[in-house]
Amino acid sequence: MSETSWQREADRWCEHWLDADVSPSDSGIPPTTSADEEVRRHIADQQLVDAILRSLANVDRDDTSNRVRRVMAAIVAESPSPAAANHRTASMWSLVGLAACLLVACTLLVMKSANESRATEILAQIRQVSLADTDRIYHVFHSNSQHDAPFEFLGKLYLRGTTGFVVEVKNYAVGRNGDEYWVVPAKGPVILAHDFNWLNSPSARDMLELELLKDLSVTSHRAPLMQLSTIVEAIEGDYDFAVHRGAYDGARRLDELSASRRPANTELPTSIRLWFDAETKIVHTVELTWSVVEDKPLRHSVRFTLAPAENVADEWYQHAAHHAPDRPIRRVDADAEFSAPVQKIAPLPLGEGRVS
Amino acid sequence: MPDAHKLFEALVREHAEMLLVYLRAALSNTSDVDDLFQETMIVAWRRLDDFDESRPFGQWLRGIAKRLVLAHHRRQGARPCDSVILDQLDARIGHLAAQPGDTWQEKLALLPNCIQSLPDHFRHAVRLRYFQQQPIAQLVESLEASEAAIKKRLQRARALILECIQKNLNRLGFSV
């Protein structure tokens, strides 16, 4: 059957069965008799999109709840023996872990996993998810005080896998567009650098008043800690870690990965905690904590919390989206000028950035 | 230990929307959808001990639903439906179910953008047909086009929506 003829047959079927006003069972049109699997797969695709569109147009949670209630009423009416029910309960506990369903684990709360290889496997899965070029937005909070002090909202972090990020706080924006890092400070030129090391210079950070970078810049061989993949890499290399089973929050089960830094690399956070969806491995919260004085209840912490998804245009990861078009731009050659005092960068005419 | 019924109810709630899409795609009659939804879940409850925990629960549910749908079609002789069609539906829905997201709606988060990106005359037809639930006869009047042209637009729009979903998921490293 030629492509044209199979398409014609599939289209004819859709006309009569999918897009007919009358009930298909009354239409008198016979079911397709095509032996061509291509026709039937095409029909299946049309049926699927039709069903998805109908579902999207009729999102009625009460309707679904009523269906679930009817199902459960029928099941309860069957009244299985207690032994059978208990056996099913045991079977379902493993399903609960698999399916990340709700309600139940509220009574269990945190169950510690002592299995190191399991933790390593989970970390690898988190890394895999973090590498995907999916846009995720996190709210950034900061706390610089005693333990249990409240966190203050600082701004937003936009992440796109390993290729892009944007940190937008009240007086500046920092980002990476895949090729280069950029900073849009409140005043002065936009700074571009191929190497994040330049921004890691204490004098540069002070000049640009990039307070957050003081926390999130790490040693020269790493990208900054605002990228989840970098955090995972740090945990793999420099931390002891374990995974703890979490509780359902009404929609999902969030497990926790807690990591304690080994003594060697003191620039990294003392501890890192990740809360991630047990099923999808999407990270919902990251908390990086630096103990100001070891063994004292003083610390500062940065926390990222997953925000509702937004459509993020490719352009958002470019510096031009974060400042006025006439803003001066200063490209810094990292190799040549990294060691030079940042203050020696020629002052340029100041312009106000569009940093919200 | 929490009640087995409550545990199962949580599973039913989590997979309800996905299963409803599968059944709506396979069945033309709304009351059949309701009946087979209930029947699928009851069979799943009875056969829970047979579930292979290494496989996704949703896929297992669709396997049960497939057998029930085929039996239903044998009895009714209605809408075209066979193993090839149901396997294709199962594969497509399986990939969608594997997308990030905690609910079926979240997994289909890119769908509104795909609808939005349709050419105007396709998007308009989709909006009237699905979101305003107009019969074809009314679309003929609203859009001042022949019935055949309206149906062709809807078919093409559905094909473009699926293409859009595939393209986006391929970009993200998934396939549908």
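Modeller: Start with B:Leu89. Setting aside neighbours within four places in sequence, B:Leu89 is in contact (heavy atoms within 4.5 Å) with residues of both chains. From chain A come A:Ala44, A:Gln47 and A:Leu48. From chain B come B:Tyr22, B:Ala25 and B:Ala26. This is a predicted model: local features need pLDDT of at least 70 and side-chain atom pairs 80 or more, while totals for chains, interfaces and linings use all residues, and side-chain values use heavy atoms, without hydrogens or water. Residues are numbered from 1 along each chain as written, with chains lettered from A and ligands numbered from 1 in written order.

B:Leu89 belongs to the largest nonpolar core, which has 79 residues. Such a core is a set of buried Ala, Val, Leu, Ile, Met, Phe, Trp, Tyr and Cys residues joined through side-chain atoms within 4.5 Å. A second core stands separate, with 37 residues. Among them are A:Leu157, A:Leu159, A:Trp290 and A:Val302.

Now go along chain B to helix H7, residues 120-131. Helices (H or I, at least four residues) and strands (E, at least two) are DSSP runs, numbered from the N terminus. Six names in H7(B) are buried: B:Phe122, B:Ala125, B:Val126, B:Leu128, B:Arg129 and B:Tyr130. Buried means under 20% relative accessible area, exposed over 50%, partly exposed in between (1.4 Å probe, protein chains only).

After H7(B) comes B:Gln133. B:Gln133 sits in the loop between H7 and helix H8 (136-143) of chain B. Its phi is positive, near 50 degrees, though B:Gln133 is not glycine. Most residues other than glycine have a negative phi. At 47% relative accessible area, B:Gln133 is partly exposed.

A:Lys281 is not a glycine either, yet has a positive phi of about 65 degrees. A:Lys281 lies in the loop between strand S10 (271-277) and strand S11 (283-291) of chain A. Its relative accessibility is 10%, so A:Lys281 counts as buried.

Definitions and conventions: The expected span of a helix is 1.5 Å times one less than its number of residues.
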